[in-house]
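The following text walks through a predicted model. Please keep the sequence and the coordinates open while reading.

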Amino acid sequence: MTKLAKLSFAKLEAPKKGLAVILAGEGLGLGPVAGEAVSGLDGGLARAAAIAGFTGKKKTTLDLVAPAGVGLDRLIVFGIGKAEDLTQDDWRALGGAVFAELKKAKAEAATVLLDAPEGAGVASEAAAELAMGAKLRAYAFDAYKSKKKDEDNAKDLKLALAVADPKAARKAWSAAEAIADGVILARDLVNEPANVLGPVEFAAKAKELEKLGVEIEILTEKEMKKLKMAALLGVAQGSVRPPRLAVMRWNGSKKGVAPVALVGKGVVFDTGGISIKPAGGMEEMKGDMGGAAAVVGAMHAIAGRKAKANVVGVIGLVENMPDGNAQRPGDIVKAMSGTTIEILNTDAEGRLVLADALWYTQETYKPAIMIDLATLTGAVIVALGNLNAGLYANDDELAEKLLAAGKASGEPLWRLPLSKEYDKLIETPNADIKNTGGRSAGSITAAQFLQRFSNDIPWAHLDIAGTAFGAPKDDICQSWASGYGVRLLNQLVADNYEK
Ligand code: BES
Ligand code: MN
Ligand code: ZN
């Protein structure tokens, strides 16, 4: 199983032995150091490229094994197209593609020369982004595989990135690595099966963030009862495993600066409850804590890079099970806010968990803004597929900031509407609101429901049902769980809430 055993930064100089990766721009343009590394080939590179039809186009490679005239065992040339056009996303994807190629080559050690074809040297931030791509691509959820496949017997990879300014690159990487580790933590939490990761175990994982200086508080069932969190508790009552509410606080800014609040849906398994789901694909509901996982991962990233921001993460952890004590359709519960809710479908449980988590968060922390993340509805997958998360907001400025952070981080969002007219769809004669609005506009009515518990502070809801897991594999993610939301939230904080 090729993993990334070690990642280091070295001086930019031409390697004389081993496996080297160089970057080639359009028209086979090489940087000066790469040029020097292949000078012994005596025109052999151009000849090999011509025969293979390699021109340096983005995402193409040329692989030369034991090239004559140089001491290298192997030379892999990566096409990057126009170097000056490469975005943060491109550098990250390139890192993933480089790792994949080295895995295919069963490489145990490799040096990537990061000098751009114009000779300027690749910026430290781009180098760190490339490193992040490699690390994310290398991730696999294989802890439960007792036998590795024969073809996977290759040793783990030691990767060196040769850069113009190794010191600056190492500094950029220390922040980027915290983000990558946050993504990986979120992926692990989502991939982990529910028999292993119940609400108590999940809360214990959140508690591990104490190592990074995050303050943790974990509310038990008894404490939640005292707070009158009947919406959350109603979901949990059908499970033999008790619920938890975990609070994570990172105080990186001055005291008194109102925090950014991140709230996550943490349904460790969603059977649907008494309104039980069909059997086909139900195993995917082990990932119904993707919102909570994104919040934990983001807290890891933010604390890990010592962000100068105050951030509080709150996650509601429950298991939705059918049982003699389970909640019934028709039941009416009173949420912590005082709002009464008629349960029409016990499978619309995420919003019930978030209702109390949101109300508790705004009341306790008086945050500057509040963002919740949840694998909330199948309807958002119908609307947006796996490529965008659904964004709802009661505040245009916050929505714009989130859309920008989505673009910059490569975790995109698409804004969907909220309105009084949609809000009508969750009215019921029997209580203040009901927990489903019927088949049409399913993701929107779920958002309308949540808005009732925002207490009108600047709030946004991200429906990540399509993006947290099950998205197509790509350059930086080969895993079922994507870790979606970690990079986005980190970016939002970095760009708007640090000082
Ligand atoms: N966890 C599901 C939503 C979901 C579905 C997430 C597929 C990821 C993949 C949620 O709790 C749910 O069951 N929603 C229902 C709501 C309905 C009963 C109003 C849905 O979307 O069908
Ligand atoms: Mn459900
Ligand atoms: Zn659910």
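Where is the place of D347? D347 sits in the loop between β13 (340-342) and α10 (350-365); helices (H or I, at least four residues) and strands (E, at least two) are DSSP runs, numbered from the N terminus. This is a predicted model, in which local features need pLDDT of at least 70 and side-chain atom pairs count only at pLDDT 80 or more, while totals for chains, interfaces and linings use all residues. Residues are numbered from 1 along each chain as its sequence is written, chains are lettered from A and ligands numbered from 1 in the order in which they are written, and side-chain values use heavy atoms, with hydrogens and water left out.

UniProt, in an unreviewed entry, lists D347 together with D270 and E349 under "binding site". These residues are spread over 80 residues of sequence, yet they cluster in space, with a largest C-alpha distance of 8.3 Å. From this set, E349 belongs to the lining of the largest cavity. A cavity is a set of points, on a 1 Å grid over the protein atoms alone, where a 1.4 Å probe fits but cannot get out; lining residues have an atom within 4 Å of a point. UniProt positions are given in the numbering used here, feature names are shortened, and annotations may be inferred rather than shown by experiment.

D347 is partly exposed, because its relative accessible area is 21%; buried means under 20%, exposed over 50%, and partly exposed in between (1.4 Å probe, protein chains only). Leaving aside neighbours within four places in sequence, D347 is in contact with D270, G272, S275, K277 and N320, where contact means heavy atoms within 4.5 Å. With K277 there is also a polar contact between side chains, at 2.9 Å. A polar contact is a pair of N or O atoms within 3.5 Å; within protein, one must be able to donate a hydrogen and the other to accept it, and residues adjacent in sequence count only if both atoms are side-chain atoms.

D270 is found in strand β10 (residues 260-270). D270 has a relative accessible area of 3% and is therefore buried. Its contacts, not counting residues up to four places away in sequence, include K277, N320, D347 and E349.

Ligand 1 has 17 residues around it, of which K277, D288, D347, E349 and G378 come nearest; a residue is near a molecule if one of its heavy atoms lies within 4 Å of it. An oxygen atom of ligand 1 is 2.9 Å from an N or O atom in the side chain of D270, and a polar side-chain atom of K277 lies 2.8 Å from an oxygen atom of the ligand. On the backbone side, a polar atom of L376 is 3.4 Å from a nitrogen atom of ligand 1.

The unreviewed UniProt entry also places the feature "domain: Cytosol aminopeptidase" at residues 345-352. Over residues 345-352 the chain is 38% helix and 0% strand, with the end C-alpha atoms 11 Å apart.

Another part of the chain brings in T339, in the loop between β12 (332-334) and β13. T339 counts as buried because its relative accessibility is 15%. The side chains of T339 and S337 are joined by a polar contact of 3.0 Å.

Terms used: 1 Å grid on protein atoms, 1.4 Å probe; cavity = no way out; pocket = protein on both sides within 12 Å on 5 of 7 lines; lining within 4 Å.
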